[in-house]
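Hi,

Here is the structure I promised to pass on. Please open it next to this email, and my notes follow below.

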There are 2 protein chains.
Amino acid sequence: MRALIISADNFEDSELLVPYYRLQEEGAVVDVASMKPGSIKGKHGYEVKVTKLLKDVTAGDYDILILPGGKAPEAVRKEKKALDLARSFFEKNKPVAAICHGGQTLISAGLVKDRRVTCYKSVVPEMKEAGALYEDADVVVDNNLISSRQPADLPAFMREIMKKLKFKKT
Amino acid sequence: MRALIISADNFEDSELLVPYYRLQEEGAVVDVASMKPGSIKGKHGYEVKVTKLLKDVTAGDYDILILPGGKAPEAVRKEKKALDLARSFFEKNKPVAAICHGGQTLISAGLVKDRRVTCYKSVVPEMKEAGALYEDADVVVDNNLISSRQPADLPAFMREIMKKLKFKKT
């Protein structure tokens, strides 16, 4: 099982680290992709090694895409490659999990229209404007799309992610 | 299933948050106990609500004790109540999981002698002096005692914690 996290500097630390460690606990190989080599630094100061340059990522190599929040999505959503990758996961009906501001990348990729989704409260207006069916819940699962609002939702977010991956294994 | 985390200000954020969220993912009730009411703040600025005052904790209410690292254990190890609680978990052969500096509390409680254990590198000298059989590994399991060195070991640490709890359920 291979997981792809796309992020950048100023990510929300727990929203990246919790899935990163949880998927490794399960034996997954987790790549962290970003625009520059080296490492990315979270809002709270955690540094995470970039294992893959965004430009070199092939969607077909991964079983799930995870989009953490923080300020990172503001940068990620401007990258055509990130949007193309997200679209590719959706086309193949592979799980995409976005938390907090992570959904901004999906908005820019035009992937939320008529989809049930949640996100951080400050993102709600643009989420609705993009045609999403917004719900205020700790986690919302709409087919391949898993979304949560904030760090406190991480238990529900990870529970649904792991269900989706276990389902894929069978 | 009920889990008890004992910590204080200046905890290592990921070492508290990862088990905290992971156990909730599994449906556990997780109490965070500390010396003062309100919340405790990690080295990286995360605040976690104190759900139980240390003085009010009864070991019998919990299935596992988790001791995160950071600078918090320096304060926790001075609390007689914390040491008594740790001893109580050991007497009942209930799982105790310590990461990084978390093992310092077990040293002060006199619980590591002749036990296989790992810890953060700076804690190694006092761990050995206390009679522990130190090993340099991502996780060491010696009967009820699970220990890890640092945040990067969290996947292995959580894997062994979850095995222990699943084992208890059967």
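Before the rest, some housekeeping. This is a predicted model, where local features need pLDDT of at least 70 and side-chain atom pairs count only at pLDDT 80 or more, while totals for chains, interfaces and linings use all residues. Residues are numbered from 1 along each chain as its sequence is written, and chains are lettered from A and ligands numbered from 1 in the order in which they are written.

Back to Ala152(B): its place is in the loop between β11 (145–148) and α6 (154–169) of chain B. Helices (H or I, at least four residues) and strands (E, at least two) are DSSP runs, numbered from the N terminus. Ala152(B) and Tyr20(B) are 132 residues apart in sequence and 16 Å apart in space, C-alpha to C-alpha.

Now the sheet. Chain B has an open sheet of 7 strands with mixed pairing, in the order β5-β2-β1-β6-β7-β11-β10; two strands pair if DSSP finds at least two bridges between them. At the edges are β5 (52–53) and β10 (140–142) of chain B, each pairing on one side only. Helix α1 (residues 13–25) of chain B packs on the sheet and touches β1 (2–6), β2 (29–34), β6 and β7 of chain B. The direction of this helix makes about 170° with that of β1(B) (axes are lines fitted to C-alpha atoms, for helices over the stretch in contact, and angles run from 0 to 180 degrees between N-to-C directions).

β1(B) is mostly covered, with 4 of its 5 residues buried. β1(B) and β2(B) run parallel and are joined by 5 bridges; Leu4(B) has Asp31(B) as its bridge partner in β2(B). Strands β6 (residues 64–67) and β7 (residues 96–99) of chain B also pair in the parallel sense, over 3 bridges, and Leu67(B) has Ala98(B) as its bridge partner in β7(B).

On to how the chains meet. 15 residues of chain A are in contact with 15 residues of chain B, contact being C-beta atoms, placed from the backbone, within 7 Å. On chain A, the elements giving two or more residues to this side are α1 (13–25) and α6 (154–169), and α1(A) has the largest share, 8 residues. The copies meet through the same surface, since 100% of the interface residues of chain A are also interface residues in chain B. A rotation of 180° with 0.0 Å of shift along its axis superposes chain A on chain B (RMSD 0.0 Å). The two copies are thus related as by a two-fold rotation axis; the superposition is by least squares on the C-alpha atoms of residues with pLDDT of at least 70 in both.

Finally, one residue of chain A: Lys41(A) lies in strand β3 (residues 39–41) and counts as partly exposed, with 15 C-beta neighbours inside 10 Å. Leaving aside neighbours within four places in sequence, Lys41(A) is in contact with Asp9(A) and Glu47(A).

Notes:
Contact = placed C-beta atoms within 7 Å. Buried ≥ 20, exposed ≤ 12 C-beta atoms within 10 Å, placed from the backbone.
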